[in-house]
Amino acid sequence: MRAAVAARGPLHPAAARAGAAEPVSPAPADSCPRLDGLPARDLRGGLRVAEATTRRSRMKGLAMLDALPPTLALHIPRCRSVHTVTMRFALDLIWLDRDGRVVRVDRGVPPGRMRSCLRARSVVEAGAGTGDAFLAAGLGA
């Protein structure tokens with residue numbers, strides 16, 4: 001996961017231009033406005049892992065979202081512990097070591113829980129039931 005991360009621009013570049021007269025098309029069904037503006041890494045099969053590189057994106061995480069599209073996940077670097085206190089859905093947590101290799105997977109962690117992995121140096125949060133797809137697509141390889 002330490003590979004270079006491709007920056008991803010605003011969800012709707014037309015809306016970012018002052019005085020833009022063109023209509024903005026609706027976001028794709030597999031988008032998540034909170035994650036769409038973050039740097040991301042594309043994996044096989046159309047999966048995308050957004051990177052929480054700023055303090056703000058780390059603090060917000062996936063809290064208070066109603067759902068997460070099955071093609072998206074959030075990587076939180078420099079992280080050995082997470083909580084799901086303000087979550088509205090269960091998560092698969094994929095813990096990675098400093099080299100980006102998987103050290104543990106916690107599947108179906110429900111809201112209101114705390115998980116830690118002292119061997120990990122980062123974690124990928126994916127919707128419950130989707131973690132294996134991210135692993136199969138090359139996450140942690």
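**Entry 1: pocket**

I started with the largest pocket, which holds about 290 Å³ of space. My pocket rule uses a 1 Å grid over the protein atoms alone: a pocket is an open set of points with protein on both sides within 12 Å along at least five of seven lines, for a 1.4 Å probe, and lining residues have an atom within 4 Å of a point. Grid points are joined across faces, edges and corners, and the volume is the space filled by probe spheres set on the points.

I listed 15 lining residues; closest to the pocket centre are Arg-58, Met-59, Val-82, His-83 and Glu-125. Helix α3 (55–60) and strand β4 (81–83) are the elements that give two or more residues to this lining. I sorted the lining by class and got 8 nonpolar, 4 polar and 3 charged residues. Here Ala, Val, Leu, Ile, Met, Phe, Trp, Tyr, Cys and Pro count as nonpolar, Asp, Glu, Lys and Arg as charged, and the others, Gly among them, as polar.

**Entry 2: ground rules**

I am reading a predicted model, so local features need pLDDT of at least 70 and side-chain atom pairs count only at pLDDT 80 or more, while totals for chains, interfaces and linings use all residues. I number residues from 1 along each chain as its sequence is written, and side-chain values use heavy atoms, with hydrogens and water left out.

**Entry 3: chain overview**

I counted 4 helices and 8 strands. These are DSSP runs numbered from the N terminus: helices are H or I with at least four residues, strands are E with at least two. The order along the sequence is α-α-β-β-α-β-β-β-β-β-β-α. Of the 141 residues in the chain, 43% are buried. Buried means under 20% relative accessible area, exposed means over 50%, and partly exposed lies in between (1.4 Å probe, protein chains only). I also looked at contacts, meaning heavy atoms within 4.5 Å. Among contacts with a separation of 6 or more, 64% join residues 24 or more positions apart.

**Entry 4: cores**

Which residues touch the most other members of the largest nonpolar core? I found Leu-35, Leu-62, Leu-74, Leu-93, Trp-95 and Val-123, out of 22 residues in that core. Strands β3 (72–77) and β5 (91–96) each supply at least two of its residues. A core is a set of buried Ala, Val, Leu, Ile, Met, Phe, Trp, Tyr and Cys residues joined through side-chain atoms within 4.5 Å.

I then followed Leu-74, skipping neighbours within four places in sequence. Its contacts include Leu-35, Leu-38, Leu-62, Val-123 and Val-124, and also Glu-51 and Glu-125. A second, separate core has 11 residues, including Val-49, Ala-73, Ala-126 and Ala-137. In soluble globular proteins, nonpolar side chains tend to be buried together.

**Entry 5: salt bridges**

I counted 6 salt bridges. The rule asks for a side-chain nitrogen of Lys or Arg within 4 Å of a carboxyl oxygen of Asp or Glu.

Arg-48 pairs with Asp-42 at 2.6 Å, N to O. Arg-48 is buried, because its relative accessible area is 17%.

Arg-88 bridges to Asp-66, with the closest N and O atoms 2.6 Å apart. This pair links distant parts of the chain, 22 residues apart: Arg-88 sits in the loop between β4 and β5, Asp-66 in the loop between α3 and β3. Arg-88 is partly exposed at 45%, and Asp-66 is exposed at 61%.

Asp-97 meets Arg-101 at 3.3 Å, N to O. Shared partners join Asp-97, Asp-99 and Arg-101 into one network. Buried or exposed: which is Asp-97? Asp-97 is buried, at 15% relative accessibility.

**Entry 6: strand β6**

Beyond four places in sequence, Val-103 contacts Trp-95, Leu-96, Asp-97, Cys-117, Arg-119 and Ala-120. The C-alpha atoms of Val-103 and Ala-120 are 6.6 Å apart.

Gly-108 is also in β6, and is partly exposed at 36%.

**Entry 7: positive phi**

I noted Met-64, a residue other than glycine, with phi near 65°. Met-64 lies in the loop between α3 and β3. Arg-78 also has a positive phi, near 50°. Arg-78 sits in the loop between β3 and β4, and is exposed at 61%.
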